[in-house]
Amino acid sequence: MELKDKLMSSYLAFEEHVDLDNDIHEVRNKAIKFFENTGFPTKKMEAWKYTSLNSILKEDYSIFPKKEDAIDYKDVKKYFIHDIDTYTIVFVDGIFSSHLSSTTHDKIDACLMSSALDKEKYKPIINKYFNKIVPEESMTSLNTAFASEGAYIRIPKNVAAEKPIQVLNFFTSNEAALMVQPRNLIIAEDGAQVQIIERHQSLTEHPVLTNSVTEIYVGKNADVDYYKIQNDKITSSLIDNTFIKQERDSNCSLHTFSLGGKITRNNLKFYQHGENCNSTLKGVTILEGKQHVDHNTLVHHTQPNCESHQDYKGIFSEKSVGVFNGNVLVDKVAQKTNAFQSNNNILIDDTASCNSKPQLEIFADDVKCSHGCTIGQLDDEALYYLRTRGIPEKEARALMMFAFANNVLSSVKIPEIKKRITKQIALKLGVELGFNL
Amino acid sequence: MAYTEQELEKELQNKEYEYGFYTEMDADTFPPGLNEDVVIGISKKKGEPEWMTQWRLDAYRHWLTMEEPNWANIGYEKPNYQAISYYSAPNTKPKYDSLDEVDPEMLETFKKLGISIDEQKKLAGVAMDVVMDSVSVTTTFKKTLAEKGIIFCSISEAIKEHPELVKKYIGSVVPHKDNFFAALNSAVFSDGSFCYIPKGVKCPMELSTYFRINQAGTGQFERTLVIAEDSSYVSYLEGCTAPSRDENQLHAAVVELVALDNAEIKYSTVQNWYPGDKEGKGGVFNFVTKRGLCEKNAKISWTQVETGSAVTWKYPSCILKGDNSTGEFYSIAVTNNFQQADTGTKMVHLGKNTKSTIISKGISAGKSQNSYRGLVQINKRAENARNFSQCDSLLMGNKCGAHTFPYIEAKNKSAQVEHEATTSKIGEDQIFYCNQRGIDTEKAIALIVNGFSKEVLNKLPMEFAVEAQKLLEISLEGSVG
């Protein structure tokens, strides 16, 4: 059975388990209809020109996983940022795992989407925020139709979350192939501050397809700092859809570290709704083997005096494919916008390839917008210089690549993440770095 | 007295299209509509051989299966292809041997254009092939060229007299199934220019074609084929205008360049089709396919100044097939009022050590939309390919838009690709500085725009550069907000 048909029939089964009187159900019905009409995206669509999902849609995915699989903390400890105190929300095969998590309702809410959707007291918030900034697209609609579980994080007015919040998704071998659709909602009210780390990790070689949607609302003067760590198995694919709405004077930065996975597609959209917003989008992609990462970003400037910074670096070797499709949209009224976009790529060998499409669409005249894009290789002379100083070629290459990615790492505000990513990069490049950053 | 904004606006509105006149001439026009009979009719009318008719029919049949592309960042009412007349020839055939015999009215037309043939004759030895409503009226300097073995004539003449060359190269760069407009052109092209430069010959003068759409309700489908044999050089100029009309006129041309080993082709265009009035009514739809093929060590350089047309859809491209070949693209696109331009280039690197340079300057004013769309593709075997792209946009007023859509694809590790783009406006301080020095606002803008486009203007042949500079000024007059 085609995956689409399977999803359609699963939806009928899904309806039996949920509260049909809930307002949300109307939203779900509308979304599934949209998906039924459009189907999965194909390469014929401009936004998917360089990424084909065909290879991952063939699998016979289970849509509803069986019960929670008991995994021990010690087995998965390495995937946690465990050296600092954090709140954690952990899902195993899409189902909340209470013994691995530490949620809270003290001052802030860091809990489950399922309870937020069901409980009466959250209703006003859900009505106000749920599915309000998600564009009607095939993958997002599919997620909306099945939206039932995920992380729900709400930071009230003028509260700074004391510790970072980790959202982890583990996948086990319970199913031969698994498709999960987490739905996250993050609300930082006016003046709130929060740091969030998100990770998807498969524990076995079973195929996994994650189609995740995250909505982030950043209130006036609020500050959201978000990290996505994507270092999954070669059998796992991720379609990540993240939408951010920013009010005036707010800050939001999002770092994406794409170090592994079969197909990883990041749809990242920032909508600025007030003056003086600042959006930062940064990413490091290091791939080898048959892996594919596609960054599709949008920053929509609708108000004056805002800034956005996009900086994506990619290193590709052995048949890996990197795609960058960045978009900056500046409305007529968004005067004095400063928008920067840069995408730099290194191709290590001829089997790797890289496609870049940095776009600017500008309707205001008093703006500073620029973009730059390069595809190249390591500078031979710099390499030679390092070698004359007694640094072996391999290390010299690693050093240079490290320096290349460093721009992006420098804006990471959690030192533990920085350390980890540094280590990961060193590991990937196959060298011991004789220094700590 | 200071020049107020209102005055500027008024002047802008009153600025009529300078070339908007219509020459009354008997024209032999086909009734509107397109079917196989029309295609065969055009072919017969031109006395073409059987293979050409067949080729046209092939293209036509394929065209029927195609859909009009709509991916470009332009919005327009799709032309009704059955309401267009596909052939229109001034009725004053046969051809003339000397200028004296030419219909005086037609000569007057050229005079109004400011390109009177005799003047052009004197001017720096430019040889012209004038195409009016798709039929080549006169070819100047033919004899001088013939001495060198250069063939420069209309394509219909070439089909008759040099069928072996045409047969070999036509459709070799832009196949007749390439895209919707190229297929349409292949089926119904009425005339165009043909140019052949033999081995080792450096063409002593700039070759030039001037296009004009005269008759109402006609489409212009010209086809240009330039072949530069080994180690030859040619510089080719093309200019276009159309009278102002309320309805939209269609222009779907195909230009093919073939640069064999060590050859160099420089192709410059000044496009000034009627852009429509200030309400956005009328104007030419310009859907052009231009492509060049570079063999070993060859070089193709496209330079274009686009100031006209209601809608422009044009991507002069280079296929860098041979090793060490070079492709260049220099462009200025100016849009005003309701004009829309989606233009750029494609650089396809196939050979080793291939280089390409893209400099694109977009200037948008009024309510216009100006897009750069470019592709740089480095294929697997293209070792040491190098590309540099720069796209700058200048916005005048807050009702226009500037867009950049670069596509960059690399499959070779030794590739070096750079792309840069900026968007800005004319600074108030820049204008203030000029005002201080006694330069009025209008002149100051012209000065700044000229400076902005200098890199491209410098690439144009002398006479064209002067004209282009004037065009820039005319198109942007009073458009600062």
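Predicted model: local features only at pLDDT ≥ 70, side-chain atom pairs only at ≥ 80, totals over all residues.

**A helix pair in chain B, and what lies beyond it**

Reply: In chain B, helix H3 (residues 50-64) packs against helix H9 (residues 180-188) at an angle of about 145°, and the two axes are 7 Å apart. The crossing of H3(B) and H9(B) is left-handed. On the side of H3(B), the residues that make the contact are B:Arg56, B:Ala59, B:Tyr60, B:His62 and B:Trp63. H9(B) contributes B:Ala183, B:Leu184, B:Ser186 and B:Ala187. Sorted by class, the residues of this helix contact are six nonpolar, two polar and one charged.

From this pair one may turn to the place where chain B meets chain A. That contact draws 31 residues from chain B and 32 residues from chain A. On the chain B side, the elements that supply two or more residues are strand S24 (401-410) and strand S25 (416-425). The chain B side comprises twelve nonpolar, twelve polar and seven charged residues. S24(B) also takes part in strand pairing across the two chains: strand S19 (residues 353-362) of chain A pairs with S24(B) in the antiparallel sense, over six bridges. Within this pairing, A:Glu361 has B:His403 of S24(B) as its bridge partner.

Chain A may next be considered by domain. Its domain assignment gives domain 1 (3-274) and domain 2 (390-437). The C-alpha centres of these two domains of chain A lie 29 Å apart. Their contact involves 13 residues of domain 1 and ten residues of domain 2. On the domain 1 side, two or more residues come from each of strand S8 (193-202), strand S10 (223-231) and strand S12 (251-260) of chain A. S12(A) gives the largest share of that side, namely four residues. The domain 1 side has seven nonpolar, four polar and two charged residues.

Another strand of chain A deserves attention, namely S7 (residues 183-188). Six of its six residues are buried, so S7(A) is largely enclosed by the rest of the structure. In a regular strand, side chains alternate between the two faces of the sheet. In S7(A), A:Arg183, A:Leu185 and A:Ile187 point one way, while A:Asn184, A:Ile186 and A:Ala188 point the other way; all are buried. S7(A) runs parallel to strand S4 (residues 151-155) of chain A and is joined to S4(A) by four bridges. There, A:Ile187 of S7(A) has A:Arg154 opposite. S7(A) also runs parallel to strand S9 (residues 208-218) of chain A, with six bridges between them. In this second pairing, A:Leu185 stands opposite A:Glu215 of S9(A).

A:Gln291 lies in the loop between strand S14 (278-287) and strand S15 (292-301) of chain A. A residue is classed as buried when 20 or more other C-beta atoms lie within 10 Å of its own. A:Gln291 has 26 C-beta neighbours inside 10 Å and therefore counts as buried. Leaving aside residues up to four places away in sequence, A:Gln291 touches A:Ile234, A:Gly260, A:Gly261, A:Lys262 and A:Ser320. By contrast, consider A:Gly372, which is 81 residues from A:Gln291 along the chain. The C-alpha atoms of these two residues are separated by 25 Å.

Methods:
Residues numbered from 1 in each chain as written. Chains lettered and ligands numbered in written order. Contact = placed C-beta atoms within 7 Å. Nonpolar A, V, L, I, M, F, W, Y, C, P; charged D, E, K, R; others polar. Pairing = 2+ DSSP bridges. Axes fitted to C-alpha atoms, helices over the stretch in contact; angles between N-to-C directions. Left-handed = near helix turned anticlockwise from the far one by under 90°. Domains from an automatic or database assignment. Buried ≥ 20, exposed ≤ 12 C-beta atoms within 10 Å, placed from the backbone.
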